[in-house]
Amino acid sequence: MSPDEYCEEKAAKSGSSFYYAFRFLEPDRRRAITALYAFCREVDDIVDEVSEESVARTKLQWWREEIERLFDHQPRHPITQALQPHLAPFDLSREYFDEIIDGMQMDLDYDSYPDFTTLSLYCYRAASVVGILSAHIFGFSDRRTLKYAHDLGMALQLTNILRDVHEDAMRGRVYIPLDELKKHGVKPEEFQLNVTDDRHRALFAEQAERARRYYQRAEEHLPAEDRYAQRPGLIMAAIYRTLLDEIQDDGYRVLEHRVRLTPIRKLWIAWRTARRLKRDYRRAG
């Protein structure tokens, strides 16, 4: 199996919405973003699936050293071997890969976040940095697109946090800021129960509203001339905003079950968004 095939298989197995967004890219950009996604998946799986904390820390340290080898042109892992040819053409900086690992390390250092300021740093490292690297791969002509990528990463991560609040709690993690739980009279251990009342709904509605503000800010930052190039991110935004609407329409019962979109619905949203962006691009051109 080649390094590219390894990354493609890892992305396909994840069933993530990202996989649907990548399908509309040119081959070289698609290979680059698939390798980046596989890297993110690999280091994220370490903190999610390795039960022994010391082992997880050792594995993350190995990846720090592997990133150093990658930028020294001596990668060993199939994922870094797949990333190597794309570093220079897409101007992918080492500092961002280190930040992503720092974000995964926060999952080992923190089991909850006292306030949104602290959570923001986690979201930046775990998602906004990925958005910025992705923006480089998709291409842009105006640096305001990097602000769009930052805010879109925040929005996607906040949507994930709301969707997975029960699943994360069962792993011993609470990502919704503790001062906001206290404001609504909710205790962290309640997230492990399959019960939703008005306090939970008010708290979760507040989180959804914050995510929506980041989606709106991202849209406002994105220059018109970069919209078509950045279509994978816009496809992701369309899928995740639909997910957010579904969570709201379901009465914010994220403690009772995980709200999902079916693969065919994700594909439909992706196709519809890509078609609209292509039509707008042709009209502008």
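**Helix packing in a predicted model**

User: Let's start with α6. How many residues does it have, and how far does it reach?
Analyst: Helix α6 covers residues 94-109, which is 16 residues. From first C-alpha to last it reaches 23 Å, close to the 22 Å expected at 1.5 Å a residue. Keep in mind that this is a predicted model.

User: Which residues of α6 are buried?
Analyst: Tyr96, Phe97, Glu99, Ile100, Ile101, Gly103, Met104, Gln105, Met106, Asp107 and Leu108.

User: And what do those buried residues of α6 pack against?
Analyst: Four helices: α3, α4 (53-71), α5 (78-83) and α7 (116-138).

User: Take α3 then. At what angle do α3 and α6 pack?
Analyst: The angle is about 20°, and the axes are 9 Å apart. Angles under 35 degrees count as roughly parallel, so α3 is roughly parallel to α6.

User: Is the crossing of α3 and α6 left-handed or right-handed?
Analyst: Right-handed.

User: Which residues meet there, between α3 and α6?
Analyst: From α3, Leu36, Phe39, Cys40, Val43, Asp44 and Val47. From α6, Phe97, Ile100, Ile101, Met104, Asp107 and Leu108.

User: Stay on Phe39. What does it touch beyond four places away in sequence?
Analyst: Phe39 touches Trp63, Ile67, Ile79, Leu83, Phe97, Ile100 and Ile101. Phe39 is also among the residues with the most contacts inside the largest nonpolar core.

User: How many residues are in that largest nonpolar core, and which others have the most contacts?
Analyst: The core has 92 residues. Alongside Phe39, the residues with the most contacts inside it are Phe97, Leu119, Phe191, Phe204 and Tyr215. Helix α7 gives the most to this core, with 12 residues. As background, nonpolar side chains in soluble globular proteins tend to be buried together.

User: Other residues in α3 now. Is Tyr37 buried or exposed?
Analyst: Tyr37, also placed in helix α3, has a relative accessible area of 9%, so it is buried.

User: What about Asp45, buried or exposed?
Analyst: Asp45 is in helix α3 (residues 27-49). Its relative accessibility is 18%. Buried means under 20%, so Asp45 counts as buried. Leaving out residues up to four places away in sequence, Asp45 touches Lys10 and Val50.

User: And Pro27, buried or exposed?
Analyst: Pro27 lies in helix α3 too, but at 55% relative accessibility it counts as exposed. Pro27 and Glu53 are 26 residues apart in sequence and 38 Å apart in space, C-alpha to C-alpha.

User: New topic. How do α8 and α11 pack?
Analyst: Helix α8 (residues 144-163) and helix α11 (residues 198-221) pack at about 160°, with axes 8 Å apart. Angles over 145 degrees count as roughly antiparallel, so that is how α8 and α11 lie. Their crossing is left-handed.

User: Which residues of α8 and α11 make the contact?
Analyst: On the α8 side they include Tyr148, Leu152, Ala155, Leu156 and Leu162. On the α11 side they include Phe204, Ala208, Ala211, Tyr215 and His221. Phe204 and Tyr215 also sit among the residues with the most contacts in the largest nonpolar core.

User: On to α12. How many of its residues are buried?
Analyst: 14 of its 19 residues are buried, which leaves α12 mostly covered. Helix α12 runs over residues 231-249 and reaches 27 Å, close to the 27 Å expected.

User: How do the axes of α12 and α13 cross?
Analyst: They come within 9 Å and cross at roughly 135°. The two helices are therefore oblique to each other. Contacts from α12 include Leu234, Ile235 and Ala238, and those from α13 include Ile269, Ala270 and Leu277. α12 passes α13 in a right-handed crossing.

User: Last thing, backbone. What is the phi of Gly251?
Analyst: It is positive, about 75°, just after α12.

User: Which value does His73 have for phi?
Analyst: About 65°, positive although His73 is not a glycine. Most residues other than glycine have a negative phi. His73 is in the loop between α4 and α5, and is exposed at 62% relative accessible area.

User: And where is Asp91?
Analyst: In the loop between α5 and α6. At 48% relative accessibility, Asp91 counts as partly exposed.

Definitions and conventions. Residues numbered from 1 in each chain as written. Predicted model: local features only at pLDDT ≥ 70, side-chain atom pairs only at ≥ 80, totals over all residues. Heavy atoms only, no water. Expected span 1.5 Å × (residues − 1). Buried < 20%, exposed > 50% of the residue type's maximum accessible area, 1.4 Å probe, protein only. Contact = heavy atoms within 4.5 Å. Core = buried A, V, L, I, M, F, W, Y, C linked by side-chain atoms within 4.5 Å. Axes fitted to C-alpha atoms, helices over the stretch in contact; angles between N-to-C directions. Parallel < 35°, antiparallel > 145°, perpendicular 65-115°, else oblique. Left-handed = near helix turned anticlockwise from the far one by under 90°.
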